[in-house]
Every structure is written in structure tokens, then in C-alpha cells.
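User: I would like to go through the labels used for this structure and the cut-offs behind them. Please show it before we start.

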Amino acid sequence: MYTKFNPTNMQIKTWSVQRTLDPLIAEVGSLVSEQPSAMKKGRSKRAYLLVENVIQATGNFIHKADEIVHENPEMRNELIESMNEVKRTGDEMAALSKEFADDPCSKSKREKMIIAARALLSSVTRLLMLADYVDVQLILKSIRLVENDLQQIHNAANQEELIQFYKQYGKDISTLSYHAQRRQQDLVDRNEQEALAAARATIKRSSMMLLTSAKTYLRHPEIPSSRENRDFVYNQLRDAVNTISSITQGHSEILQQDAALNTVGDLTRALNEFDRVVMIKPQKFNEQMVRPQLEEHLESIISGAALLADSLSTREERRERIVQECNAVRQALQELLDEYIRYSKKKSSEENVNEKIQSMQTKTRDLRKQLRKAAVDHVSDTFVATNIPLAALIDAARRGNIQLVEETAHVFMEHATKLIEVANIVCSMSDSIEGIKLVRLAAKHIETLSPQVISAARILAARSTSKVAQENLDVFRETWEKHVRLLTEAVDEITTIEDFLAISENHILEDINSCIQAMVEQNADRVDRTAGAIRGRADRVIDVVAAEMDKYEPGEYTETVLESIRILRDQIMPSFAERIKISIEILRMKSAQDDRKYELSEQELIEASSNVYHGIRDIRNSILMNPDLEWPSDDEEGFNDEIYAQSQASSHGPSVDSQQTDTEMYPGKNDNPSRDMMRRLPKEEREQIELQVEGFKKTKRDFEREVLKWDDRGNDIIVLAKKMCMIMMEMTDFTRGRGPLRTTMDVIHAAKMISECGSKLNKLAKDIAAQCVESQSKSDLAAYVDRITLYCHQLDITSKVKADVQNISGELIVSGLDSATSLITAAKNLMAAVVLTVKASYIASTKYRNKSGNKEPIVQWKMRLPEKKPLVLTDRQNDSDMRVRKGATKKRLEPLHVLSQFQN
């Protein structure tokens, strides 16, 4: 497999050659440059010094090349020839450089030196590339050995030969993997790096399958499926080795096969392009050309949306919403075109055209949102309990039931096909190229591997007592499950956590309704089936949210989310599973005397199901407490008044009174009366509330700037300030008809919690003041603490007045605005007072503390460390089997730039 070195091919493919050439290029460039020096006069480098540097660099190259000659005698002639060329051009360059240094004003001498410099760089580049070619030959040598091992394994006549050949294969493949990894790290081209990483991953993944499939074929050659398994693995490994060989030799044709993986989703690309082309300058509008183009473009988008809407897993209501949004986009386009025509006839203004363009973009954004939610519908339905069809197939194979294997194989293939179809749907609605590539790669592996899993199951079904057939099926099962996990993680990466939780919450509510209905109909099998779906969706939510929290630095936010996960996983779901088990037993053994027991079980099942729903809602609410995420708008699906539940994961928990008033199982029209009425206030009053909220947000930004810069470890003042801020944010969200607080009793409970925190903050601040010397700062701190006491009392009063009005009149049409604005104003004033108290506490405890008493400071003031960032990028991001985070950076970080962020 030796390939002939082509001296005319001067393309640099590795960083090692590039980095080695850079110093010489810099030295030669300084010597021959005609640009004036940037250094101060009198400090320029002397020409003779530059010449000496060039001579020294050339000598180093020759010395290294001489070492390579002794290590690789098979390429001695080529290396010596290249070394001689470098020495000749180097000597010529040195001589001409000295002549030029003696007469720097001579133009002819400069030109001769430049020609010599180019010849030197060219010869050095050839030498370096020839040295790199030596590494290529080492890899090709390892490839030849591995190919020979694969052929021997393929032709093995018995088990003893197979084991012997496989041992040798293991040694040779380790050597090849080592060389390929080094080559991967050294390659300049990112696509070549990724292709090489994918080939290495295939080798690692398929090596064990090669052994088991070959052993199975030798043991059961009469079964056609055994040959299919062996040939499949053999061809995969051979293709992977060929990929390494092609990339090593610089053949880029292999990369063109995967070009389709690096594209944005079809629907997303079409929508992006449509948003771009509708923005036409009114002066350049031509109806005969533009109208057909835009209408055709839109119809292609609607055709793609129709395919998604007509899919089996798309809910009926979602399908109707997609149709509505498609019609709305059509109507908006016609209105925009009409406005362009009116402008061309000077019957409209450019402002009107811009308004129609904005309306058009709003409609396409709404359509995009519905399509994205439809895609998440599919994800929520399909990526739940993904191993069940495989488990059924394996169980049938172990029993030796060939007919049942064929039936379960059909179900398994339908399931695998559905996974691939949903993955493609999600890709069509994503614009993350890296994420899409991972999804498509994982889907491609599942597509090719699924038939082989069925073949392995058929082998075991035909020889149910065969140990090698069992081992072979286990290896194929583990590989398939690993790819499904990778596909699931990749799909999760290109879907937002907000969309997933909103859709999952609705689907769990549907399953709960079905479960209760089945209980009413006394259908035990349906109860069992729907309860399994509920458990599967809950486990999926737990896994997705836990993985999401891995992306954040530990803190109060992550602790709240993880606590809500723990409650659902460790308390609610075990209780629900136990209740389902009891209910099914009662249904299956029900007699005429068990009516009382049945009614009791039904009520307990309703309560357990309610807890599951509220647990999922609590997780979603705690996720949405992230200040970087926006709460869904009032018309957002999944956040209307019919599915909103109490947040047990809020910063202070639900009040007992509010729990007592929540007597209904399902959130319905009578649920959340207080918050629902706030959302149904007249538009003018809601606008005034929004104005008040904007003022609160400004104060909140001041709070974040002044308070969140401190580390809360060892500083109870910061802990209390953060807790008060979170509660005030929840109270403010309540006035807008959103957030975790459900009733006015929750608001009163929140106000009490703020008062308790205010009292603790008051005591801490007074203790700090007691340790201070008499100063203006001590007086300021006392004044700010008094403000906190006043505003806590005011917040407590406004929340109670709000409740009194609602309890007496039953509506907020008249008094709702005053109550809401008073509550927001009181919260804003309290937050401002907390900010001032934190500032004053810092000054008093660090600048004016009385040190004569030798008392330890009450709190520790330490700046919060910035988020951790990698100083060195590892090779993990090049491995196609590794997860890619949404927040993963794509640009190279300079260490000095990163370190500069830690200053001050």
C-alpha cells in the first residue's frame, strides 16, 4: 500500500508541519520585507542577526531530517535528496542575504535574496511534508496488518483459528487506533478530523461484534442469518479502515458522501429563506416577478408543514393549529403583496409596508412555533421506553418461538423506523448544524443496525440453547441500545427544554385522564397500560431535566430544580406505582362486596395521579425560574388556565390554605381563581400593570448587579437577599397571571415568608452595626434596615387587602388594578431597600468594623467566582459519539484572553 510521494502537491494538511514552518517564515519574512519596521528607530534587528537565525533554523531542519533518515531506511534516498536541496537553497540564501546586508539599498540584491528565500521555503516545505509522509506510511503499514487480520478472521475455519487471529487483530487494531488518534489531532481540516473520529468509533464499536458474529457463524453456518451478521460487521470494519486510509493519504472524496449531514433542517431553511425574500425594498417591487416567486416558496413550506401535520403522532388539535397558521401566513402574504402594489401606485407609505412585513414575519414565527411543537409531540410520544420492543424480541428469541420472533421483529422494525422518522422531523425544524449532524449519524447507525439485531434474534430462536448465539444477541443488543441513547441525547440537544416540558406536561395530563377513565370503566389492562405510559413519561422528564442541570454551575437555581426532581422520583412515583398495583389487583378480583373498596381505591388513584401531574408541573415551574428564560405568553399552549398547577418547588412552598382549596383532580375552569382573574383584567389595566412591572425589572437589574456578585457561602445576608428577591419575583408574576403562586392565600403566605426573611436580615444587619465604630455608614445601615421593616409590613398589608377585596366582592374588575400596582410598588421598594442594605452592610463590616474586640466578622464578603471555562480544548469534541452541548463554544479560546476574565 505504499503510495508514491508527489513533490508537486504542496498542500499542508497537518498542524505539525504548519507550526514548524511558521518560525522560519517569520524570520525570512522579516529579512525580505519591504514594509517599514514597527519598532522604534534605533531598535531594529540587525540584518546579520536575521541571517544567522535563518541559517540556524535551516540547520535544525537538516539535523531532524537526518534522524528521520536513520529511523526509516526505506525512504533514505528521498529524504537525503530533500535534505541536500534544503542545504543548497539554505547556503544560497545565506550568501545572498549577506550580500544584501552589506548593501541594503541595492534593489537587484534584494530581488535575488527574495527569489532565494522562496526557494528555501519551498525546499523546507517539501522536506517537512516528506517527513510527514513517513508518518503516513506508518499508518498505512498498520492498515495493511489490520486488513490482513480481518481477512483471516473472515476465512477462519474453526474456533481455535478464530481466537488466534482475533488476538492478533486486537494488537494490530490498538496500534492503528493509536496512530489514527495522533493523526486526527494533527489534521488541519475539521471535516477530516470528524470523519477520522467516526471511523475510529466504528472500529471500537464493532470489534466485539466481529468476534461474536464470527463465532456464531462457525458454530451455526447452516443458518443464513449468521452469515448476515458476520458479513455486516466485517464490511463495517473494512469501510472504517478504508476511511482511515483515504483520509491519511489526503483523498477527500470520502468526505463528500457525508455532505448532506452538515445542512440545516429543510423546513427551517425554507422558513429562514422565506423571511429573507419577503423583505423587499418597496421601490424595487415587481409584481410579475415577485408574486409568483413568493407564492411558490410559501406553498413549498406549507406542503412540508402538511406532511408534518398529517403524521400519525400529530395530535388533532395541533394539526388544526398548523392549518390555521398556514392559512394566516397565506393571508398575511396577500396583504403584504397588496400593500406593495398600493405603494407602487403611490397610495401607501413605506411605514405601512414595513408594518405588513412585520405582520408577515409574526405569522411565520407563529407557524414555526406550531411546527416545532408538533415535532416535540413526536419526540414525547416516541422516545419513551425505547427498549420495550427490543426486550419483547429478545424474550421471544430466548424462548425459541420462531413465529413470535417474526411478530415481535415486525414491531421492533416499526419502532426503529419511527425513531428514525421522528429524528428526521426534529432535524427539519432545527438550525443547529452540529446537533443535526449528530442526530443524523445516530439515526443512520440505528437504521443499519436494526436488521442485524433481528438476524441475531433469529439465530437464537433457531438454536435457543446455543451460548454463542446468546452472546452474539447480547452484544448486538448493547450496541443498539447505546445508539438509541446517543440518538435520544442528540435529539434532546436540538429541542428546547421549555418546549419539551410543556408538551410532556400536556401528554401526561392526557394519560392521567385515560387512566382514570379506564378505572371508571373497570378495565384493568388499560389502567396498567396507561399507568406504564405515565411512569415512562415521568422518567423521561427526570432524565432530560437532570441532564439539563449538568450544564449549570451549582447554585440555588439548580438545587431547587434537583429538589423537585428528587420529590417526583423518590416520593411521588413510588407512591403512584404502589397505588396502581393495588388498583389493578382490586379490579381483577372485584366482587359484589368490594364496591366500597373500589370507590376508595378510585379516589386514591385520582389523588396519586394528581400528585404526579403537580410534580411534573413543579419541575417545569422550577426550570422556568431561570432568569434567562421567558415565561410563556398568555396564549401560549401548555400555560393556559386549564392546565396550570400549584408549584411546590417555589422558593417558599405552597400554603396549607391554598392546598385545602384545591379540591379538584384536574386543573379546570374553576382552578386558580385568583390568578385567572388577574389574567382576565381589561387590557388597559393589564398594560398599566406591565408598566409597573418594567419598573420592578429595572430595580431587579440593580439587585443582580449589586448582590449577585457576592458569594453566598458564609454570607447569610446574600442568602436572605436572594431568597427575598425570588419570592418578590413570584409575587410580581402573580399580578400578571403567571408564575408558581396560584391563589391569594399563596400571596399572603409569600408575604409572611418575606417578613420572616426581613426580620432575619434586620437582626443580622443590627449585629453588623453593633461591631462598627460610630460613623455615617453605621447610621445609614440602621436607616436602611428600618426601611426593610417598613416595606415588609407594607407588602404584608397589600397582600391581605388584595385577599379581602376578592373574598368580599368575588371579582377584581374594580379593585384588581389598585391591588396589583400596590403589590408591585411595595415589592420594588423592598428590593431597592435590600440592595442598599447589602451595600451598607459590606461597607460597615469591612471598612468601619471595630477591631478592638477581636471578634470574628459575622459574614464573609467574597466575590463570586466567574463560571468555569476550559483553558485547553480537548479532543472530546471531535469524537462523533460524544454529546455536543447547546452551549458548547465553536471558536478557539486563547488562554490569555480567558485568564483576563479572572482579573479583579
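Analyst: A polar contact is a pair of N or O atoms within 3.5 Å; within protein, one must be able to donate a hydrogen and the other to accept it, and residues adjacent in sequence count only if both atoms are side-chain atoms. The model is predicted, so local features need pLDDT of at least 70 and side-chain atom pairs count only at pLDDT 80 or more, while totals for chains, interfaces and linings use all residues. Residues are numbered from 1 along each chain as its sequence is written, and side-chain values use heavy atoms, with hydrogens and water left out.

User: What does the side chain of Thr408 reach, and at what distance?

Analyst: The side chain of Thr408 reaches the backbone oxygen of Val405 at 3.1 Å. The limit for a polar contact is 3.5 Å.

User: Why is Thr408 called buried?

Analyst: Buried means under 20% relative accessible area, exposed over 50%, and partly exposed in between, with a 1.4 Å probe and protein chains only. Thr408 has a relative accessible area of 13%, so it is buried. Thr408 lies in helix H13; helices (H or I, at least four residues) and strands (E, at least two) are DSSP runs, numbered from the N terminus. Not counting residues up to four places away in sequence, Thr408 touches Ala392, Leu393 and Ala396, where contact means heavy atoms within 4.5 Å.

User: What makes Ile494 buried, and where is Ile494 found?

Analyst: Its relative accessible area is 14%, so Ile494 is buried. Ile494 is found in the loop between H15 and helix H16 (497–520). Beyond four places in sequence, the residues in contact with Ile494 include Val426, Cys427, Ser430 and Val439.

User: Why is H14 described as largely enclosed?

Analyst: Because 22 of its 30 residues are buried, H14 is largely enclosed by the rest of the structure.
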